[in-house]
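Colleague: I have just opened this entry and would appreciate a short tour. Could we go through it together?

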2 protein chains.
Amino acid sequence: MNQMRPETLAVEDTAPPRLGEIGLANFAPYLMNRIMGRYNEDLREELASMGLTIPKMRSLAVLSVIDGLLIRDLSVYAVVEQSTLSRALDQLLADGLIRKAPDAEDSRATRVFITDAGRGSFERLWPSMAGNYAKMFQDIPDVERAQFVATLQKMLGNVRRHNI
Amino acid sequence: MNQMRPETLAVEDTAPPRLGEIGLANFAPYLMNRIMGRYNEDLREELASMGLTIPKMRSLAVLSVIDGLLIRDLSVYAVVEQSTLSRALDQLLADGLIRKAPDAEDSRATRVFITDAGRGSFERLWPSMAGNYAKMFQDIPDVERAQFVATLQKMLGNVRRHNI
DNA sequence: CAAAGATAATTGCAAATGCATATTATATTG
DNA sequence: CAATATAATATGCATTTGCAATTATCTTTG
C-alpha cells in the first residue's frame, strides 16, 4: 500500500481501486445488498400471506416503535419513496391498521398512528422477522454483533441526508 | 438481562425481544436497509443519466469481476429476480454492453459476457460508486472496516441458500 | 429407455413503483 | 401585505417488477 515511489504519490492518488481489485466478497455494499436482498425475500412470502408488502410492513414496524410520525418523516425512517408510501398508507388505512390525523401546527402535514389492529398484525409478523434476524447472526458472538451495529450507526451518520 | 426469576426462565425463553425493546437504531437489518436505501438512491440519478437501472448496473458490476456466468448464477450474484434480470439483459444486449452465448454443456442455459463497451460503461460509473463507498466509510478506521466486512461475510454465509 | 420430474430461461399480465406534477398550505421577501 | 418561493401530500402516467405459466432441455427412475 505504501510501496509507491514518492514522485508518483502526489500525481494520481485520486484513482480508486477497481471493483475487481477489491473483490466482490470484500466490497461492503455488495455484501450488504446480498444479505438484505435475501432477508427481504425471505420475508416476502410471509408478508404476502398477511396481505402486506415491504413498504406496508416497514411502515408498521417503524410506527410500532415511534408512533404519530409525520408522513414525510415516516418516509425517511421506513426508507420508502414518498409517493409509494402515500399509496401504502392508503391501503393500511383501508385495512384499519393505521389512522391519520392532521398535524396541529401545520395543516399541510399529516400524522400517522398505528391502531391496535396494526400492532396486532406486526406482532404476528415479528416472530418471523426475529427468526430471520437470529439466523443472520447465528454463531456470531455478542461483542462482534455489538461492534457491527456500532459501525452501522457510524455509516448511517455518514450517508444520511436528513438528521433523523 | 439476567433478572428473570429462575422459575420463569425455562418456560418462555423462546419469545424474542420486541422491536421496540431492541430499538430501531440497534436493529441491524433496519440500519442496513437505511444505509443501502441511501446508497442505491444516491446512485440512481447517475445511473439514469447513463441509461442504466440498478439491475443493469449490478449485472455489469458482477460481470466486470466474474465474466461468462450462467444467467441463473448471475441472478444470485446480482441479487436480481430471474424475470427482471432476463429483461435487464435484453436491454444490455440491445445496447451492446453484454453478449450471450449458449452453454456448451447444457443447451437450456445461457452464458453472459460483458463487452468492451460494457466495461467502458461500468468504468465510467465506477468513480461515482467508489465515491459513495468512500463516503460511507468516512472516518472509520481500516481495522474497523476489515472487521465489519468479516462479519458481513459470516452473515452472508448464514443467510445464503445457493452456495455461490 | 420411456415417462415423470426437475431445471434454465422467457413471457403474459396484474400490481407496484417512481418521476413529474397538481393541490393546498405555509414562509419569505420586496 | 401582496407576490413569490417553498413545503407536505396526493395523483396521473409510463415504466418496472415479480409471480405464474410456458417452452425447451436435461435427469432420474421404474
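**Confidence and DNA surfaces**

Modeller: This is a predicted model. Chain A has a mean pLDDT of 91, and 92% of its residues reach 70 or more.

Colleague: Where in chain A is confidence lowest, and where is it highest?

Modeller: The lowest mean, 55, belongs to helix H1 (residues 6–9) of chain A, whereas strand S3 (residues 110–114) of chain A has the highest, at 98.

Colleague: How do the residues of the surface near DNA strand C divide by class?

Modeller: Six are nonpolar, eight are polar and eight are charged.

Colleague: What about DNA strand D: which residues are closest there?

Modeller: DNA strand D is surrounded by 22 residues, of which Ile71(A), Arg72(A), Ser83(A), Ala109(A) and Ser83(B) are the closest. Two or more residues of the surface near DNA strand D come from each of helix H5 (71–77) and H6 in chain A, and helix H4 (54–65) and H6 in chain B.

Colleague: Which element has the largest share of the surface near DNA strand D?

Modeller: H6(A) does, with five residues. By class, the surface near DNA strand D has six nonpolar, eight polar and eight charged residues.

Technical notes. Residues numbered from 1 in each chain as written. Chains lettered and ligands numbered in written order. Predicted model: local features only at pLDDT ≥ 70, side-chain atom pairs only at ≥ 80, totals over all residues. Nonpolar A, V, L, I, M, F, W, Y, C, P; charged D, E, K, R; others polar. Near = placed C-beta within 6 Å. Helix = DSSP H or I, 4+ residues; strand = E, 2+ residues; numbered from the N terminus. pLDDT = per-residue confidence, 0-100.
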